[in-house]
Amino acid sequence: MPRPTPDRSRGDRASRGPARGRLVRRARLAGVAVTAAVLTATLVGCSADVTRPRVEGSLGPVFANLYVQQQALLGHPGLTPAAVAARPTCHRTTPGSHDTGAGSDWICQVGWSDGTGKSQNGKFELQVRSNGCYQAGGPSRIVGPIMIRDVAGKSVINPVFEFDGCFDTT
């Protein structure tokens, strides 16, 4: 004959009493509070690794190099990153962010000189990760569509339509 088993649907709490349940809840809450305190103490001493100067310092050269590549594909060789002279001005759109930290709310106005020396300006939207890498997308009316035709008539990806970059976070 099978042996009877205790009723597990109630968790067998009745035999332990209500005080045991309160102690378990208090212990769990104390553990959560300690974890939160340790995390807060750790983060208070940290400085933001993603800052406006770091984003701008990376975006300018990355854009200039890719713009030179795009112009070479279009048959305008001889342009240099120094001649492009990309000048980004970035900020975050989240209130209280103080233009620091990772997020998908970075907006950068980039000014540069095209192959004819004419000034250009475009707004780029950036998704910046905490490791210092980002994705940037520019205005197609200024930088062109995702696919462009190179000098040979071949359809190629436009290097400045959307691009990735990274900067040092140390």
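Arg-92 counts as buried, at 15% relative accessibility. The cut-off for that label is under 20% relative accessible area. This is a predicted model, and every value here is computed from it. Arg-92 lies in strand β1. Which residues does Arg-92 contact, leaving aside its neighbours within four places in sequence? They are Ser-97, Asp-99, Thr-100, Gly-101, Ala-102, Gly-103, Asp-105 and Trp-106. One polar approach can be picked out. A polar atom of the Arg-92 side chain lies 3.4 Å from the backbone oxygen of Ala-102.

Ser-97, one of the contacts of Arg-92, sits in the loop between β1 and β2. Ser-97 is buried as well, with a relative accessible area of 10%. Its side chain reaches the backbone oxygen of Thr-94 at 3.0 Å.

Now step back to the sheet. Five strands form an open sheet, ordered β1-β2-β3-β4-β7, and the pairing is antiparallel. Which strands are at the edges? They are β1, residues 87-92, and β7, residues 162-166; each pairs on one side only. On average, neighbouring strands of this sheet are turned by 25° against each other, direction ignored. In a regular strand, side chains alternate between the two faces of the sheet.

Strand β1 runs antiparallel to β2, residues 103-113, and six bridges join the two. Within this pairing, Cys-90 stands opposite Cys-108 in β2. These two cysteines also form a disulfide, with their sulfur atoms 2.1 Å apart. The link is right-handed, with 115° about the S-S bond. Cys-90 lies in strand β1 and Cys-108 in strand β2, so the pair ties together parts that are 18 residues apart in sequence. Both cysteines of this pair, Cys-90 and Cys-108, are buried.

Move on to β3 and β4. Strand β3 covers residues 119-128 and pairs with β4 in the antiparallel sense over four bridges. Gln-127 has Gln-135 in β4 as its bridge partner. The two strands form a hairpin with four residues between them. Gly-132 is in that turn and has a positive phi of about 90°.

Why is strand β4 described as largely enclosed by the rest of the structure? Four of the five residues of β4, residues 133-137, are buried, so the strand is largely enclosed. β4 and β7 are joined over five bridges. Here the bridge partner of Tyr-134 is Gly-165 in β7.

A disulfide joins Cys-133 to Cys-166, with an S to S distance of 2.0 Å. This link is right-handed, with 100° about the S-S bond. The pair links distant parts of the chain: Cys-133 is in strand β4 and Cys-166 in strand β7, 33 residues apart. Are the two ends buried or partly exposed? Cys-133 is buried, with a relative accessible area of 15%. Cys-166 counts as partly exposed, at 46% relative accessibility.

The structure holds two disulfides. With bonded cysteines counted along the chain, they follow the pattern 1-2, 3-4.

Methods:
Residues are numbered from 1 along each chain as its sequence is written. This is a predicted model: local features need pLDDT of at least 70, side-chain atom pairs count only at pLDDT 80 or more; totals for chains, interfaces and linings use all residues. Side-chain values use heavy atoms; hydrogens and water are left out. Two strands pair if DSSP finds at least two bridges between them. Axes are lines fitted to C-alpha atoms, for helices over the stretch in contact, and angles run from 0 to 180 degrees between N-to-C directions. Buried means under 20% relative accessible area, exposed over 50%, partly exposed in between (1.4 Å probe, protein chains only). Contact means heavy atoms within 4.5 Å. A polar contact is a pair of N or O atoms within 3.5 Å; within protein, one must be able to donate a hydrogen and the other to accept it, and residues adjacent in sequence count only if both atoms are side-chain atoms. A disulfide is a pair of cysteine sulfur atoms within 2.5 Å.
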